[in-house]
Amino acid sequence: MADRIFDLFWPDKSQLIDRRKIAEKHLWDESDVAIITYGGTFRSDGERPLRTLHRFLKKYIGETIGAVHILPFFPYSCDDGFGVIDYLSVDEDLGDWSDIEAIASDYRLMADLVINHGSSQSAWFQQFLSNEAPGKDYYYTADPAADLGQVVRPRAHPLLTPFRTSVGDRYVWSTFSTDQLDFDFRNPEVLAEFIKIIRAYIDHGVRIFRLDAVAFLWKKIGTSSINLDETHEIVRLLRTLMDHDAETLIIITETNIPNHENLTYFGNENEAHVIYNFSLPPLLTHALLTGNALYLKRLTRSNPPALTGCTYLNFTASHDGIGLRPTEGALPQGEVDQMLAAIQSFGGRVSMRRGPGGTEKPYEMNISYFEAMQGTLDGPDEHQVDRFMAAMAIMLALEGIPALYIHSLLATPNGYEEVNTTGHNRSINRRQLNYDEIDGKLADPTTIEAQVFGRVLSLVEIRKTQPAFHPNAVQFTLALPEGLFGIWRQSHERRQSIFAITNVTKEEKTLSLADINLIAGHGWWDLISADSIADIEGELTLSPYQSVWISNTSPNPV
């Protein structure tokens, strides 16, 4: 099987490189930032949505952001793309492979490998129903009487879905929905199929692979069926293949689980190149809704520095929502409950999962991130834009690669019509936008969309030129007074320091510069305002939700 995988991944042996050359490959630096979007987010009459997206990127993003994650762009039957019917085709409603390749020629392209499950409408599953090869052995089935009580669930529906097949009733493992049926990776032919799919994506320009729901990949009766050793082994195999390819390829694991479990996907520098920092969105949201950064500080203090060849993907919100599983053990339940109440008062929804014993527990908060920032536990206030920008400034300063969801970048409001249409809470933050309307709003500096868009991209431009913001540069959490959150970043060669500090409250806060020990003999500036700091023993007054990036490197070098 090893030789077969080798041949499937490298049909052209010139694509294979020697491991000793890997160190020469560029992975990332401080200029790397990603934008996350659906292929159909922007719509324009008479134009393929992927071409409309490309037009938006070239006009408004340009070279400010270099990587684009296009969420599943394949034919699908459910979950806005995550129930894939055909892995080797582009959804005709969006465009075709030439449109994907055009975007990949201008941006570092990230795509989803929806590896845990596929659509009930796929050719493979139809073969399963008729007991025909190859699909008849591609799906994980189980006896409903089996011991499944330990299985960790992300949803509230039954784990097994019954289907009438040509050989009788069979019960198919369905982690996420009755239309998303889980593959059986005990069958090596399933792995071989995905090796072929990966190779095809590489040939079409994909360079970053997001392994969707990979934690659930391997199932074993009588266990939790999450994060099993066999799952990690498959991630290690994919990492080995990609590290030997002539192209610079990156694996990102999408594992929305408690932080100590999530960290295991780094392996021993031999699994994911990048892991989602899933604990960040809920703990950052909590800090800004409460004015209490204690739990956010605990996260940044406890996250280990990523080793060489690995880093974090930092984000505030995604197409799914703000996950709550990472708060387990990190945020007291009373604090979670207060946050849930505030989010619901801002128009958000809460999705549930089935816990041990069949009990239902909150799984994620579904809300536009801009709407999540409209107030505090006390209710809405006038600080929504500044509070949102505080979240962006903190996220952009952290160790790792920042990723911006398109609806956060555009300050999109909650999509209630979309929720009513689909019946799914997640649709609240998956709106499709008329390109001409967005074009008009971004052209008008008085609109919220233009103000947020401009301010976020301005921060990105500042970040991109700071060596201390390299994804693997030193990070240390500062011991600051209540209401202030701050980190110290230092560049690899130790020439640049940045003290990234944010007031997470709706009150003015005083920062004593003596508390952060700015080194005498250097000039110091706030990179965001471009103001110089004359007295390094003095004080700075931070407005509600103001951020400063204090650096010994001038923002205006001569």
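In the predicted model, Pro134 is found in the loop that runs between α4 (123–130) and β6 (160–165). The peptide bond that joins Ala133 to Pro134 is cis, with omega at about 0°. The loop between α4 and β6 also holds Asn131, for which phi is near 60°, a positive value in a residue other than glycine. With a relative accessibility of 33%, Asn131 counts as partly exposed. A positive phi is likewise found at Ala530, where the angle is near 70°; this residue belongs to the loop between β24 (524–526) and β25 (532–533), and at 33% relative accessibility Ala530 counts as partly exposed. As background to these backbone features, most residues other than glycine have a negative phi, and most peptide bonds are trans.

When neighbours within four places in sequence are left aside, the contacts of Phe56 are with Phe42, Ile61, Ile406, Leu410, Tyr435, Ile438, Leu442 and Phe453.

Helix α12 also packs with helix α8 (residues 280–290), the two axes lying 11 Å apart at an angle of about 135°. Because angles over 145 degrees would count as roughly antiparallel and those from 65 to 115 as roughly perpendicular, α8 and α12 are oblique to each other. The crossing of these two helices is right-handed. On the side of α8, the contact is made by Leu280, Leu284 and Leu288, which meet Arg387, Ala390, Ala391, Ile394 and Met395 of α12. Sorted by class, the residues in the contact of α8 with α12 are 7 nonpolar and 1 charged, with no polar residue present.

A further position considered here is Thr422, whose place is in helix α14 (residues 416–422). Although Thr422 and Asp79 are 343 residues apart along the chain, their C-alpha atoms are separated by 9.6 Å.

Conventions: Residues numbered from 1 in each chain as written. Predicted model: local features only at pLDDT ≥ 70, side-chain atom pairs only at ≥ 80, totals over all residues. Heavy atoms only, no water. Contact = heavy atoms within 4.5 Å. Axes fitted to C-alpha atoms, helices over the stretch in contact; angles between N-to-C directions. Helix = DSSP H or I, 4+ residues; strand = E, 2+ residues; numbered from the N terminus. Parallel < 35°, antiparallel > 145°, perpendicular 65-115°, else oblique. Left-handed = near helix turned anticlockwise from the far one by under 90°. Nonpolar A, V, L, I, M, F, W, Y, C, P; charged D, E, K, R; others polar. Buried < 20%, exposed > 50% of the residue type's maximum accessible area, 1.4 Å probe, protein only.
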